[in-house]
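Here is a set of questions and answers for a reader who is new to this structure. Each answer works towards the value or name asked for.

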Amino acid sequence: MPQKTKTTNIFVAGVGGQGILKFSNLLCEVAMNAGLDVKKSEIHGMAQRGGSVTTHVRFGKKVYSPLIPQGSADFLISMEHLEAVRHIRFLNREKGRLIYDPYEIAPPEVYTAQREYPADVEDRIIKFAPNRISIPAFENALKIKNPRAQNVIMLGALSTCLDFTDSLYEDVIKAGFKEKYVESNLKAFKLGKELASG
Amino acid sequence: MSEKKFLSGDEAVAQGAWEAGCHVAAAYPGTPSTEILEAVVGYPDIYCEWSTNEKVAYEVALGASMAGARALYASKHVGLNVAADPFFSSAYIGSHGGLVVVTADDPSMHSSQNEQDNRYYGIAAKVPVLAPSDSQECKDFTKLAFEISEKFNIPVIVRLTTRTSHANGVVICEDRKSLPVKGYEKNVQKNLILPMFARKLHASLEERMLALKEYSDETEINRIEQGTEKAGIISDCVSYTYAKEVYPEAWHLKLGMSHPLPEKKVRELASKVEKIFIVEENDPVIENAVKAMGIDCIGKEKVPRVLELNPDRLREAFFGKKHEDIDTGDVPGRPPALCPGCTHRPVFEILSRLRPVITGDIGCYTLGALPPLNAMDTCVDMGASITAAHGIRKALDQTEDAKQKQKKVVAVIGDSTFFHSGMTGLANVAYNQSNVTVVIMDNRITAMTGHQQHPGTGKTLMGKSTVELDTTQVAKALGIKHVYEVDPYDYKKTKEVLKEAIALEEPSVVITKRACPLYDRTQWEKPYWVNEDECIGCKTCIRLGCPAISFKADKKKSYITPVLCTGCSVCSQVCPKGAIHAAEDKDN
């Protein structure tokens, strides 16, 4: 899908601690190594303390803005159920695709017993994202005994929709993790591909 | 040799400084500028330090420049307020070695208390302002800034914003140009701003700015890009990328140097187009300058002044088209919160029960103001907790209203903030004697910005062991008689100490000392657990606002999420029924 002429927009969402920044960095390195111009924007600092975390990833021949306009994300990646709904306005609902983990993390109002986690999240996703694929990445990360690999499973899932070769991903995974975690993350990447294809 | 790297704007500034042969870099951490020095430390050719505050950092850089070194100062926008005094004078003094001032503004206040526009500092102090729009330019302009600084004998601002600091792009990296430190030469007429010298320096500064005005028209970083429509856009910083994206058919005057303004190029653009838009974030700095030239333009009446720009907001400004918003229903917010195991949590929980007036400060602990703790009344700027508490106390002392008079006032400040600008305030409390209690939440690190060293940690930015300032000794030396130190994980003791200190009729300091659990994970214990047979569903633990504790509405019992719990034990100490247990209790 990453055409050499058109800019590809990927909006990544989740909750602090889910490895969203790492996911985005790996993806950007892949695009850069494929010879594309790449931009990424993210928010650090106070916004990071357990809050929503988002990054904008854009690649193509020449990229100007580091921010994705609303309604123009080719892919919305969400590592958490509710966060998919929160950022759905960025998705190009006609041509874009939502790739999301239905894993649920309670926001403060929920864990402080002020309200319940909304029960209709999936219904809203169905309504607003006609083109979507659900990837139970966290659940599978637990199965391979590496809960932190949720992000790389999601990367594997996304890779099935992009044109980059597997070796480009494998190279950045090898370079991007400490040696003892490389094998587990390569496995997670492969698992993500299987989950998206299966 | 050149190499492609995927760098954030902050990292690119560091790379640019290194390539330019920079010798000394000084800063105080502050989002979004922190990563500049964190990247600089990766280049051993540059001496770098976390200074105690921005004023100190600025003067360190200025001193290094006086000695003929290329020197870099970096801070967030409000940091330059702290350094404003030496900054203004340094424009008069100029540079010997190149002096580059990096300010990272934060439109939209992603992690700041205001969205002040630091381009005004360039105008007010008469210092040129460079305006990179992406990572490549962050690197290139930092290098160029050193050259301009030396050529024109002036400090140079490189102005970033969050969307350049924390945006990554592909950067072509080159080798370092090694330069010797020129060395110190006594020159009082330049470096010692007695009025008799300063009068001449001011005249010289005006001349330097005139020369820079010419440079601004000559330099390639201010360029006109031809368009196909009769509209022109003048933009700087990241705004250029949005304008280019949304309106590529327009003519663009891209300002790489926004002050002084390249007036000839502005007039040239005006001669080519029928209308001119000014695209800049926050204040109408360029707009005002263009209008002062007598050129009509469309600026802040269309382009929003509050919060950062983005392609959507610009599209609306240019074409009146608003992106169709969809109603996805109610989505509960996910604001930042104190982390599980946060050492500040028990202190705030106790203060929320004691209900004094609580003046806060800048750091993670400002989050203590949020529900359910609601344990903070004010937050102004670095160090204002102590000084504002003093002022409130003095005012309340003046009232006739007994209830107001009896109010207790507690200041809450972090360790790094205390060394930054709390010490002078505490000296003032002692000197002018006000009955306030200052709680120094000493978590042994600058936590908010991502764990930077400070004078109380015993380590420097470059990883060297050094003297460790003892907060207790400092407070005593500053004239405070009653100084307590307590482990905030010991809930009962902390409560006793706070009560005692607040009840005193003299100034007091309570140091709640324990390392930030995210910085020092060695103190983590196994997760605690709730015995549902003992839990009465009173929600006392829920009032702590710990992300690891939730309330199961169906069972009316609390629950601890094991993967989130750090084993700090505070919830087990507040539980009135002793229903929360350490892991080993379960094993037994």
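This is a predicted model: local features need pLDDT of at least 70, side-chain atom pairs count only at pLDDT 80 or more; totals for chains, interfaces and linings use all residues.

Q: Is His451(B) buried, partly exposed or exposed?
A: Buried means under 20% relative accessible area and exposed means over 50%. His451(B) has 23% relative accessibility, so it counts as partly exposed.

Q: What is phi of His451(B)?
A: The value is positive, in a residue other than glycine. Phi of His451(B) is near 70 degrees.

Q: Is Cys237(B) buried or exposed?
A: Cys237(B) is found in the loop between strand E10 (231-236) and helix H11 (239-246) of chain B. Phi of Cys237(B) is also positive, near 45 degrees. The limit for a buried residue is under 20% relative accessible area. Cys237(B) has 2% relative accessibility and therefore counts as buried.

Q: Which kind of peptide bond, cis or trans, runs from Thr31(B) to Pro32(B)?
A: Pro32(B) sits in the loop between strand E2 (24-27) and helix H2 (34-40) of chain B. Omega of the bond from Thr31(B) is near 5 degrees, and the bond is cis.

Q: What is omega of the peptide bond that joins Pro371(B) and Pro372(B)?
A: Pro372(B) lies in the loop between strand E14 (357-359) and helix H16 (384-397) of chain B. The bond joining Pro371(B) to Pro372(B) is cis, with omega about 5 degrees.

Q: How far apart are the C-alpha centres of domain 2 and domain 4 of chain B?
A: The domain assignment gives domain 2 as 222-319 and domain 4 as 524-587. Their C-alpha centres lie 56 Å apart.

Q: Which residues make a nonpolar surface patch with Leu194(B)?
A: Leu194(B) is placed in the loop between helix H9 (188-191) and helix H10 (195-218) of chain B. At 41% relative accessibility, Leu194(B) counts as partly exposed. The patch covers about 320 Å², and the residues that make it with Leu194(B) are Val188(B), Leu192(B) and Met196(B).

Q: How far apart in space are Ala427(B) and Ile480(B)?
A: Ala427(B) lies in helix H18 (residues 415-431) of chain B and is partly exposed, with a relative accessible area of 26%. In sequence, Ala427(B) and Ile480(B) are 53 residues apart. From C-alpha to C-alpha, Ala427(B) and Ile480(B) are 8.2 Å apart.

Q: How far apart in space are Phe164(A) and Ala31(A)?
A: Phe164(A) is in the loop between helix H6 (150-159) and helix H7 (166-176) of chain A. With a relative accessible area of 10%, Phe164(A) is buried. Phe164(A) and Ala31(A) are 133 residues apart in sequence, and their C-alpha to C-alpha distance is 7.8 Å.

Methods:
Residues are numbered from 1 along each chain as its sequence is written. Chains are lettered from A and ligands numbered from 1 in the order in which they are written. Side-chain values use heavy atoms; hydrogens and water are left out. Patches are made of residues with over 30% relative accessible area and no salt bridge: like charges are joined within 9 Å, nonpolar side chains (Val, Leu, Ile, Met, Phe, Trp, Tyr) within 5 Å. Accessible areas come from the Shrake-Rupley method with a 1.4 Å probe; for residues, only the protein chains shown count as cover. A salt bridge is a side-chain nitrogen of Lys or Arg within 4 Å of a carboxyl oxygen of Asp or Glu. Helices (H or I, at least four residues) and strands (E, at least two) are DSSP runs, numbered from the N terminus. Buried means under 20% relative accessible area, exposed over 50%, partly exposed in between (1.4 Å probe, protein chains only). Domain bounds come from an automatic or database domain assignment.
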